[in-house]
Each structure stands twice: as C-alpha cells, then as structure tokens.
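Please keep the sequence and the coordinates at hand while reading.

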Amino acid sequence: MEVEKVLHMNGGENQDSYSNNSLVQKLVILKVRGILEDSMKNLCHSGLPQCVTLAELGCSSGPNALLPITEMVEIIVDKLSHDELLNNNNNKPINVQVFLNDLVGNDFNNVFKLLPSFYEQLERKKGQVSCFVGAVPGSFHGRLFPQHCVHLEHSSYSLH
C-alpha cells in the first residue's frame, strides 16, 4: 500500500481527532510568523499581481489548516495601505487564491466547514482583498501545480 494512502491525521471532531489535538502545531505556526511576514513583505513589495496565489502544503484537517493562510492574507493587508492595494493593481482589488494541500486521506470536508467563519473573519479585517480557497489533494513531494503559478508556498512541518 502506498504511504500517501495510509498516512493522514485523524479526521472529524472527536476526542482523538487532529482538530482537538493540535495545540503544539498551532504554537509553531504562530512562533514563525516573523519569517512568514518577511517572505510576504518581499512578495508585496516586489509588485503584486492582480491575483496572488498561495499554497498551504500539509494543511491537515483542523482549525490550524486556515491559520497560515489567515496570517498571509492579513500580512498583505497590514503591509500595504488601502491606496497601495488599489494602485498596485490599477484600482482593482487584489484577489488571493489559496490552495490547501494534504494527502488524499485528509478530511477536507472538516476544513471546508471552517470556511464560512474564515471568510467572515477576513471580511471584518481585510479591506480591498478577495480570497478564494480550494483544495489540492496529493503528496507535495511530487508536482501539484503547473510551473510558475504559485507565488508563495507554506508548510509548517515536512519530512524529506
């Protein structure tokens, strides 16, 4: 049996689920925010395209799945003023396309249930940014995306 088909976090929301047992992973994501912020700052100041494409590799199935992308979108908004966001794209709002990735056994349905509150949170904070989220199941040790289509990829943990 292929490793990609058997390796995954416990889905759902029960006592043994990743969703309820991922505090350490959350703390790591928050601890490296400065590094993520530096990368996002470089991306923002090199000139943003009208659609910025981000990928969260190994997103898993709990609330942490959306934490890094929330951070990335907030950094884009925080680092660029309203005028910069518009002027950078000829007075058009910036679109952020996000791909969540994990192995095929991941409980993406659990992640998708979190999206309405994620969108509400962004709506309260964001400004001139629209965010679109989709999933790409599969191993990130192989090709997931066409060349030159993702501006920033994020992975909290990976084994190489």
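**Sheet, cores and selected residues**

Strands β1 and β4 run parallel and are joined by 3 bridges. Helices (H or I, at least four residues) and strands (E, at least two) are DSSP runs, numbered from the N terminus. Within this pairing, Ala-55 stands opposite Glu-153 in β4. The model is predicted: local features need pLDDT of at least 70, side-chain atom pairs count only at pLDDT 80 or more, and totals for chains, interfaces and linings use all residues. Residues are numbered from 1 along each chain as its sequence is written, and side-chain values use heavy atoms, with hydrogens and water left out.

The sheet is open and consists of 4 strands in the order β3-β2-β1-β4, with parallel pairing. Two strands pair if DSSP finds at least two bridges between them. The edge strands, β3 and β4 (152-154), each pair on one side only. From one strand to the next, the twist averages 20°. Helix α3 lies across β1 and β4 and runs at about 170° to β4; axes are lines fitted to C-alpha atoms, for helices over the stretch in contact, and angles run from 0 to 180 degrees between N-to-C directions.

In soluble globular proteins, nonpolar side chains tend to be buried together. A nonpolar core is here a set of buried Ala, Val, Leu, Ile, Met, Phe, Trp, Tyr and Cys residues joined through side-chain atoms within 4.5 Å. Buried means under 20% relative accessible area, exposed over 50%, and partly exposed in between (1.4 Å probe, protein chains only). The largest core has 29 residues, and Met-40, Leu-54 and Val-96 have the most contacts inside it. Two or more residues each come from α3 (33-45), β1 (51-57), α4, β2 (94-102), α6 (108-125) and β3 (129-137). Helix α4 gives the most, with 6 residues. Another core, of 6 residues, lies apart from it and includes Leu-57, Phe-99, Phe-145 and Val-150.

Helix α4 (residues 67-79) also holds Glu-71. Why does Glu-71 count as buried? Its relative accessibility is 8%. Leaving aside neighbours within four places in sequence, Glu-71 is in contact (heavy atoms within 4.5 Å) with Leu-30, Arg-33 and Leu-36.

The structure holds 3 aromatic pairs. In one of them, the ring centres of Phe-118 and Tyr-119 are 5.6 Å apart and the planes are at 55°, so the pair is tilted. Rings of Phe, Tyr and Trp (its six-membered ring) pair if their centres lie within 6.5 Å; planes under 30 degrees apart count as stacked, over 60 as edge-to-face and the rest as tilted. Phe-118 is buried, at 2% relative accessible area, whereas Tyr-119 is partly exposed, at 32%.
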